[in-house]
Amino acid sequence: IRAHLTIDPHFTVGAINRRLFGSFVEHLGRCVYDGIYEPGHPSADEEGFRTDVIELVRELGVSAIRYPGGNFVSGYRWEDGVGPRADRPRRLDLAWHSTETNEIGLDEFASWTAKVDGELMYAVNLGTRGVLEALDVLEYANLRSGTRLSDQRVANGHPEPHDVRMWCLGNEMDGPWQLGYSTAENYAQLAATTARAMRQFDPDLELVVCGSSGAGMPTFGEWERIVLEQTYENVDYISCHAYYEPEGDDLASFLASGVDMDRFIEAVVATADHVKALKRSDKTIDISFDEWNVWYQSRYNDVDKITDVADWPVAPRLLEDRYSVLDAVVFGSLMISLLRHADRVTSASLAQLVNVIAPIMTEPGGPAWRQTTFYPFSLTAQLARGVALELKLDSPTHETAKFGAVPVVDAVATHDPDSDAITVFAVNRSLTDAVTLDIDAVALGRGISSARATSIFDEDIHAANTLEHPDRVTPKSNASVEVADGSISVTLPPCSWTVLTAE
Ligand code: AHR
């Protein structure tokens, strides 16, 4: 089987914003406690952060990191997490049926973010709180000094403002599981008032308004329209969230999850541009795809969920999905979908970062290791430079139960104008057949001197990395690459993700 790709660096989709390679740290399960923070761990630094985790996060190459939730944020009082630790209250976290100790809060997280060379993206609570608390945390975080709140931060050991630029106006406010969830009209009103108030403090803040918590929500589309009609001139982004898991044994549809992500993005872009037209506005709203991943949500709902009214554990093992080769291939295809829309998806957050549906796992007192999904993320973050290109891709198709006929191969290419390197990210969705991908790069106007490819695949598509076998699955060099007269060919193994760089 063959597929054919034509690349022309003159046809660009848009510049790739580094914020596309963001992630997400929520106070949930063992993401913060026993994840990034474990003061008793042999690798812990003077602040109690695991340096082995810091190193892996840096290797992963994440940019902006969304914090502190997620569903958690809708019950959160930010001021519980600042000041002397001994004075910080323990509180119920209703979202995850846990106890929050508040040992880590905004100041500590800002410090950790700097250690991983990340940018802090902060979500305010618009579920059970409102404009005043959003203004308070903004003043605490971003004002240099001279008021009670900013001076408190200074007294708490942080003389420099955290200078948080990106703020999420609540989380998944359309979802009945969300504390304080709301109708589109009510949320739009609150988000608009909050956005206007925050901009009275700093007109240059970048604000993300909540879109739907999934394209399958009954209010999807209408929610975006109503919310944007109220907030258009005061926000910069609308959020998208999407999680994928196989249904039964329908792996073909699971492997085609990127089709769903493409449609989702294009529907939100259409809705945002519809509101733009209604408003006769010159401004364009971008997408912050601030939660995306493979998530075996049914496992959480059916097995792991804590409901006992007498049981409120600290940092329980929740959402600790173990990712397979198959999951990594789907995950890589979701990154292809994000890159293909680089003109409008200018921020994205892999949900999440450590232990909770995460590319990095840890054991208390023990090692940290990379899940299979670590690799497509780190390789894409490292190699997708410059601009995303428009492609001409001819691929055979195959049938899927959910999406009908889909191309067997999906791909995106990037061009780095500085080095003139072309990078192709491709996925082979066939479970049985290898596909040879012929890449025509004649339009580059120069010969290709070298090309190399790395693939993720395995005879056992369910193979995963574990505490006992942390390196069971790693990317493999793909020796099938051939270069001749401006054309390159590479063989994509069945159920595989590949990155190829040509110079
Ligand atoms: O990432 C896990 C959860 O998924 C988040 O808390 C919530 O926003 C979403 O439903």
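The following questions and answers go through a predicted model of one protein.

Trainee: How are residues numbered, and which pLDDT do local features need?
Mentor: Residues are numbered from 1 along each chain as its sequence is written. As this is a predicted model, side-chain atom pairs count only at pLDDT 80 or more and totals for chains, interfaces and linings use all residues, while local features need pLDDT of at least 70.

Trainee: What radius of gyration does the protein have?
Mentor: The radius is taken over C-alpha atoms, and the globule rule is 2.2 Å times the number of residues to the power 0.38. For 503 residues a compact globule would have a value near 23 Å, and the protein agrees with this because its own radius of gyration is 23 Å.

Trainee: How many helices and strands does the secondary structure come to?
Mentor: Both are DSSP runs numbered from the N terminus, helices being H or I with at least four residues and strands being E with at least two. Counted in this way, the protein has eleven helices and 24 strands.

Trainee: Which residue of strand 7 is the bridge partner of A123?
Mentor: Two strands pair if DSSP finds at least two bridges between them. Strand 6 is joined by four bridges to strand 3 (residues 64-67), running parallel, and four bridges also join strand 6 to strand 7 (residues 166-169), again in parallel. Within strand 7, the partner of A123 is C168.

Trainee: How many charged residues does the shell around the ligand have?
Mentor: A residue belongs to the surroundings if its C-beta atom, placed from the backbone, lies within 6 Å of the molecule, and E26, N171, E172 and E291 are among those found there. Asp, Glu, Lys and Arg count as charged, Ala, Val, Leu, Ile, Met, Phe, Trp, Tyr, Cys and Pro as nonpolar, and the others, Gly among them, as polar. By class, the shell has one nonpolar and six polar residues, and its charged residues number three.

Trainee: Is V408 buried or exposed?
Mentor: V408 is in the loop between strand 16 (404-407) and strand 17 (409-416). Because V408 has 21 C-beta neighbours inside 10 Å, it counts as buried.

Key. Buried ≥ 20, exposed ≤ 12 C-beta atoms within 10 Å, placed from the backbone.
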